[in-house]
Amino acid sequence: MNAHMPAISESSAQESFPDGPIRRGSEAHKILFCRTLLDTFDPYKPAVIDWPALDEEARNRLVSLPIWDIAVQTEGRARTNVATYAATASDPLLRRAIELNAFEEGRHKLVLSNLVAAYGITLAPEPPYAVKGDPEWAFMVTGYSECIDSFFAFGLFESAKRSGFFPEALVDTFEPVIHEEARHILFFVNWAAWHRRSMPFWRRPWFELKVLAVWLFLIWERIGIARDMGSGVQDNNFTVTGAKSVGDDINVATLIDICLAENDRRMSAYDRRLLRPAVVPALARLARRFMRS
Ligand SMILES: [Fe+2]
Ligand SMILES: [Fe+2]
């Protein structure tokens with residue numbers, strides 16, 4: 001039941017938390033974003049989570065959410081993608097941080113699997129998880145898709161909390177997962193900024209093309225998913241299925257406002273010298289301009 005807990009070794013003197021301004025792509029930047037992830041680790045154990053008893057209505061609402069297969073599979077794939085990339089990292093501190101990220105993805109999968117078992121939700125058989133091809137590509141696909149999904153998850157989670165869609169005790173058991181996704185996307189965007197600046201200049205155009213290709217891939221994936229929606233296929237589009245489920249009466253403009261506010265609130269907890277995920281909030285703000293309040 002217990003996933004193997006990574007050994008988080010003491011930081012060495014060169015890895016002490018940097019003071020003062022930092023330059024993006026510098027050694028100090030790397031230490032700052034790695035240490036931020038490592039130092040905010042929460043050692044909770046999914047196996048000891050006490051799943052609250054739900055009344056019939058709340059349980060039915062939970063069971064009928066069309067997200068469980070995809071949520072479990074997304075975490076399984078994330079764990080594999082992140083762990084595979086960690087194995088390629090030559091820098092020990094960076095490697096430790098990415099390993100922790102992978103460990104947390106595995107723990108999310110365990111939390112979800114336990115929840116599903118506790119409430120009698122049946123899952124579809126899981127596909128095998130493996131990285132075929134470039135580990136960096138797989139890591140970036142997971143990183144940028146978390147940037148999209150977490151932004152909306154922040155808002156959906158808060159809406160579900162406010163509307164009482166989920167009982168408070170259940171919301172509390174999920175908070176660590178949402179909190180960790182915020183740490184992951186913060187870590188990821190800083191990794192991307194550091195990585196592109198620390199690579200030889202001639203490799204940079206290739207990397208930028210790769211970033212673009214990942215975004216196009218994720219957009220294509222989500223369009224395909226939207227098309228499948230009518231057929232009742234469970235899919236990666238947590239946002240669309242999630243929004244429909246959390247409340248039909250939820251207005252898109254309100255949801256975006258909540259997502260933006262929650263994104264700011266969650267990101268405000270971290271060192272101000274770190275970059276924040278910017279693309280998805282900027283697109284959401286743009287979309288919001290064309291909507292009525
Ligand atoms: Fe996760
Ligand atoms: Fe994550």
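Over the ring of which residue does the charged end of Arg107 sit? The ring is that of Tyr44, with the charged end of Arg107 3.8 Å from its centre. Further notes on this predicted model follow.

1. Confidence. The protein chain has a mean pLDDT of 88, and 87% of its residues reach 70 or more. Helix α1 (residues 27–39) has the highest confidence, at a mean of 97, while helix α8 (residues 238–246) has the lowest, at 54. Over residues 1–11 the pLDDT is below 50, and this stretch has 21 contacts in the model beyond near neighbours in sequence. Those contacts should be read together with the pLDDT below 50.

2. Iron site. Glu105 (OE), Glu146 (OE), Glu146 (OE), Glu181 (OE) and His184 (ND1) coordinate the iron ion (ligand 2), at 2.0 to 2.4 Å. Along the sequence, the spacing of the donor residues is E-x40-E-x34-E-x2-H.

3. Bridge between the metals. The iron ion (ligand 2) and the iron ion (ligand 1) lie 3.5 Å apart and are bridged by Glu105. Glu105 belongs to helix α4 (residues 92–118) and His184 to helix α6 (residues 168–198); the pair links distant parts of the chain, 79 residues apart.

4. Glu105 counts as buried because its relative accessibility is 0%, against a limit of under 20%. His184, with a relative accessible area of 1%, is buried as well.

5. Phe33 and Trp194. The whole structure contains 16 aromatic pairs. In one of them, the ring centres of Phe33 and Trp194 are 6.0 Å apart and the planes are at 65 degrees, so the pair is edge-to-face. Because Phe33 lies in helix α1 and Trp194 in helix α6, this pair ties together parts that are 161 residues apart in sequence. Phe33 and Trp194 are both buried.

6. Trp191 and Phe207. This aromatic pair is also edge-to-face, with 6.3 Å from centre to centre and 75 degrees between the planes. Trp191 is in helix α6 and Phe207 in helix α7 (residues 204–228), so the parts tied together are 16 residues apart in sequence. Both residues, Trp191 and Phe207, are buried.

7. Ring cluster. Trp191 and Phe207 also belong to a cluster linked by ring pairs, together with Tyr85, Phe139, Tyr144, Phe188 and Trp215.

8. Another arginine over a ring. Arg61 lies over the face of Phe165, 5.2 Å from the ring centre.

Definitions and conventions:
Residues are numbered from 1 along each chain as its sequence is written. Chains are lettered from A and ligands numbered from 1 in the order in which they are written. This is a predicted model: local features need pLDDT of at least 70, side-chain atom pairs count only at pLDDT 80 or more; totals for chains, interfaces and linings use all residues. Side-chain values use heavy atoms; hydrogens and water are left out. pLDDT is the predictor's confidence in each residue, from 0 to 100. Helices (H or I, at least four residues) and strands (E, at least two) are DSSP runs, numbered from the N terminus. Contact means heavy atoms within 4.5 Å. Donors are N, O and S atoms within 2.8 Å of the metal (3.2 Å for Na, K and Ca); water is not among the atoms, so sites may look incomplete. Buried means under 20% relative accessible area, exposed over 50%, partly exposed in between (1.4 Å probe, protein chains only). Rings of Phe, Tyr and Trp (its six-membered ring) pair if their centres lie within 6.5 Å; planes under 30 degrees apart count as stacked, over 60 as edge-to-face and the rest as tilted. A charge sits over a ring if NZ of Lys or CZ of Arg is within 6 Å of the ring centre and within 35 degrees of the ring normal.
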